[in-house]
Amino acid sequence: MTKLELQKTANEVRKSIVTAVHSAKSGHPGGSLSAADVFTYLYFEELNIDPKDPKKADRDRFVLSKGHTAPGLYAALAERGFFPKEDMTTLRHIGSHLQGHPCMQHTPGLDMSSGSLGQGISAAVGMALSAKTFGDSYRVYTLLGDGELQEGQVWEAAMFASAKKLDNLCVIVDNNNLQIDGTIEEVNSPYPIPEKFEAFGFHTISIDGHDFDQLKSAFDEAKTIKGQPVVIIMKTIKGKGVSFMENNASWHGSAPNDEQYAAAMAELEKAGEALCQK
Amino acid sequence: MSEVKKIATRESYGNALKALGEENPNVLVLDADLAGATKTGVFKKAFPERFFDCGIAECNMMSIAAGVATTGKIPFCSSFAMFAAGRAFEQVRNAVGYPHLNVKIGATHAGISVGEDGATHQCNEDIALMRTIPGMVIINPADDVEARAAVKAAAEYVGPVYLRFGRMAVPVFNDEETYKFEIGKGIVLREGKDVTIVATGLCVNSAMEAAEKLAADGISAEVINIHTIKPLDEELVLASAKKTGKVVTVEEHSVIGGLGSAVCDVLSEKHPTPVKKLGINDTYCESGPAAKLVEKYRLDGTGVYEQIKEFL
């Protein structure tokens with residue numbers, strides 16, 4: 001995909017996120033929108049996957065460690081054709097395959113159930129360990145929130161990944177700087193993030209998580225690193241794309257009402273039209 | 001009479017893992033710095049390329065095992081019961097149980113027979129914790145023969161299994177030649193008509209000793225070995241309760257939430273029967289030689305016999 005096509009696709013993913021969370025009357029739009037670009041890049045450019053064969057053995061794996069941003073992942077999966085886009089309005093409804101947090105048994109394309117913070121990275125490490133042990137060539141990706149770095153298990157997993165030289169593991173941190181109770185510094189600062197991962201034996205790459213050129217060069221670089229795991233730390237804007245949600249912690253876990261939904265969709269439509277005129 | 005052979009079920013676990021490693025190239029073992037104690041070290045020695053020490057980080061180990069299982073391999077992960085079921089409970093619940101992944105948890109040093117290490121390491125709560133997880137199979141073998149058979153069966157079964165092993169050497173009473181293990185099937189070791197003794201783990205042997213003593217008093221006790229606490233062999237428990245009218249449960253575990261509770265859950269709904277639950281009575285225990293502790297907390301043959309007499 002060209003950069004423009006990726007931008008258009010990411011805009012569709014954002015519309016789908018806002019629509020799903022509005023329909024559910026709950027959910028986590030802020031962190032879904034901050035990661036919309038990386039979800040798009042992963043599912044349309046980076047991952048070796050096949051929507052027609054979601055469980056193919058040699059597929060790359062993705063674990064959403066920050067599981068509460070499931071709407072973002074679901075939107076990318078639907079956009080990529082793993083299931084109908086119409087399903088997005090069933091998010092969090094009784095009987096829907098789209099659970100509040102990812103459930104691998106229900107949703108096509110999910111490699112792991114997640115949602116309890118700190119655990120997804122360990123599961124991804126397990127997948128990478130299995131690939132190394134049994135000589136499989138697939139790569140494993142996992143997306144963490146910056147607040148999630150406060151979970152001790154993240155560092156248990158990081159220590160192990162580096163000790164076992166899991167260079168088939170790519171950890172991504174969505175550094176939108178906000179968590180439920182406020183900024184991550186106010187709550188319990190995990191900064192400096194690159195230095196911490198470096199000390200744990202990771203190759204670190206810092207980028208703007210909304211720039212597709214930087215996303216491409218980061219993921220390309222990650223694949224060249226041998227003998228150690230890689231972390232891509234993305235500076236992002238929580239709520240990116242919907243101006244009244246941007247950089248506002250109160251949109252971490254609340255849904256737009258009808259009026260706010262209309263305003264958000266109008267803004268995203270307009271952004272989409274602007275991209276079409278490029 | 002020759003001396004009865006005694007083997008700790010953790011030893012059986014290590015040996016069974018090694019045998020499994022030879023048979024099945026997809027088995028991988030994880031431990032958390034206790035390979036010497038849990039006996040996964042036996043597997044490590046034979047298959048170092050399929051053994052991974054996670055260090056002292058049980059929660060990470062449990063979620064790693066879940067990740068390994070998603071790739072179609074069979075991870076066995078081990079620590080002491082206190083840490084496997086206790087510390088890592090939420091990881092077992094959310095990363096292993098919820099997606100129903102094919103992870104085998106080999107938890108050793110369960111119960112008071114840990115001995116001298118004392119209360120911090122004596123897990124009397126693991127069965128209760130694991131029972132609350134939907135789809136979790138819980139197996140607490142009674143001797144070496146049963147423990148090795150249980151490990152093999154757990155590997156063949158697809159889904160999460162919690163295997164509970166002990167530190168203390170216990171008598172080997174099952175016959176290797178004739179013994180058959182089936183997940184979820186209890187075993188009647190002795191038929192009787194006055195009282196049913198339902199036991200698990202090292203308490204099965206105590207129950208058999210107690211039944212002998214009861215027989216000398218003219219009391220006919222039926223002894224059932226429940227190696228699989230979940231799913232419980234409800235039919236067998238119900239049939240015996242209907243026959244004897246009185247049930248005693250015996251376990252090296254808290255009387256809250258363990259085998260006794262599982263038996264009461266079935267009986268209260270389907271055939272209300274007087275039940276006496278023998279086990280650890282809502283207390284932390286203490287340091288001491290394992291066998292002495294089992295005696296002090298009245299879970300040896302004499303203790304079980306006396307408590308049944310008090311009940312009848």
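User: Hi, new here. What do the buried residues of helix 6 of chain B pack against?

Analyst: They pack against helix 5 of chain A, and against helix 4, helix 5 (81-87), strand 5 and helix 7 of chain B. Keep in mind that this is a predicted model.

User: Noted. How many residues of that helix are buried?

Analyst: Helix 6 of chain B covers residues 89-97, and seven of its nine residues are buried, so call it mostly covered.

User: Which ones are they, in helix 6 of chain B?

Analyst: The buried ones are Phe89(B), Gln91(B), Val92(B), Asn94(B), Ala95(B), Val96(B) and Gly97(B).

User: What size of box do its C-alpha atoms fill?

Analyst: Roughly 50 × 45 × 40 Å for chain A, along the principal axes. Of the 278 residues in chain A, 54% count as buried.

User: What about contacts in chain A between residues 24 or more positions apart?

Analyst: Among contacts in chain A with a separation of 6 or more, those pairs account for 76%.

User: What percentage of chain B is buried?

Analyst: Buried residues make up 58% of the 312 residues in chain B. As for contacts in chain B with a separation of 6 or more, 79% are between residues 24 or more positions apart.

User: Which domains is chain B divided into?

Analyst: Domain 1 (6-171) and domain 2 (187-306). The centres of the two domains of chain B, taken over C-alpha atoms, are 24 Å apart. Where they touch, domain 1 of chain B gives 29 residues and domain 2 of chain B gives 30 residues.

User: Which elements supply at least two residues on the domain 1 side?

Analyst: In chain B, those are helix 7, strand 6 (137-139), helix 8 (144-156) and strand 8 (170-171). That side of domain 1 of chain B splits into 14 nonpolar, eight polar and seven charged residues.

User: Switching to strands. In what order do the seven strands of the open sheet in chain B come?

Analyst: The order is 3-2-4-5-7-6-12, with mixed pairing. Strand 3 (51-53) and strand 12 (228-230) of chain B are the edge strands, each pairing on one side only. Ignoring direction, neighbouring strands of this sheet are turned by 20° against each other on average.

User: Do strand 2 and strand 4 of chain B run parallel or antiparallel?

Analyst: Parallel, with five bridges joining strand 2 (residues 27-31) to strand 4 (residues 74-80) in chain B. Leu28(B), for one, stands opposite Pro75(B) in strand 4 of chain B.

User: And which strands does helix 4 of chain B touch on the sheet?

Analyst: Helix 4 (residues 58-70) of chain B packs on the sheet and touches strand 2 and strand 4 of chain B. The direction of helix 4 makes about 165° with that of strand 4 of chain B.

User: Last one: where is Val114(B) found?

Analyst: In chain B, in the loop between strand 5 (104-108) and helix 7 (126-131).

User: Why does Val114(B) count as buried?

Analyst: Because Val114(B) has 25 C-beta neighbours inside 10 Å, and the cut-off for buried is 20 or more. Leaving out residues up to four places away in sequence, Val114(B) touches His109(B), His121(B), Gln122(B) and Arg167(B). Gly288(B) is 174 residues from Val114(B) in sequence, while their C-alpha atoms are 9.0 Å apart in space.

Terms used. Residues are numbered from 1 along each chain as its sequence is written. Chains are lettered from A and ligands numbered from 1 in the order in which they are written. This is a predicted model: local features need pLDDT of at least 70, side-chain atom pairs count only at pLDDT 80 or more; totals for chains, interfaces and linings use all residues. A residue is buried if 20 or more other C-beta atoms lie within 10 Å of its own, exposed if 12 or fewer, and partly exposed in between; C-beta atoms are placed from the backbone. Two residues are in contact if their C-beta atoms, placed from the backbone, lie within 7 Å. Helices (H or I, at least four residues) and strands (E, at least two) are DSSP runs, numbered from the N terminus. Two strands pair if DSSP finds at least two bridges between them. Axes are lines fitted to C-alpha atoms, for helices over the stretch in contact, and angles run from 0 to 180 degrees between N-to-C directions. Domain bounds come from an automatic or database domain assignment. Ala, Val, Leu, Ile, Met, Phe, Trp, Tyr, Cys and Pro count as nonpolar, Asp, Glu, Lys and Arg as charged, and the others, Gly among them, as polar.
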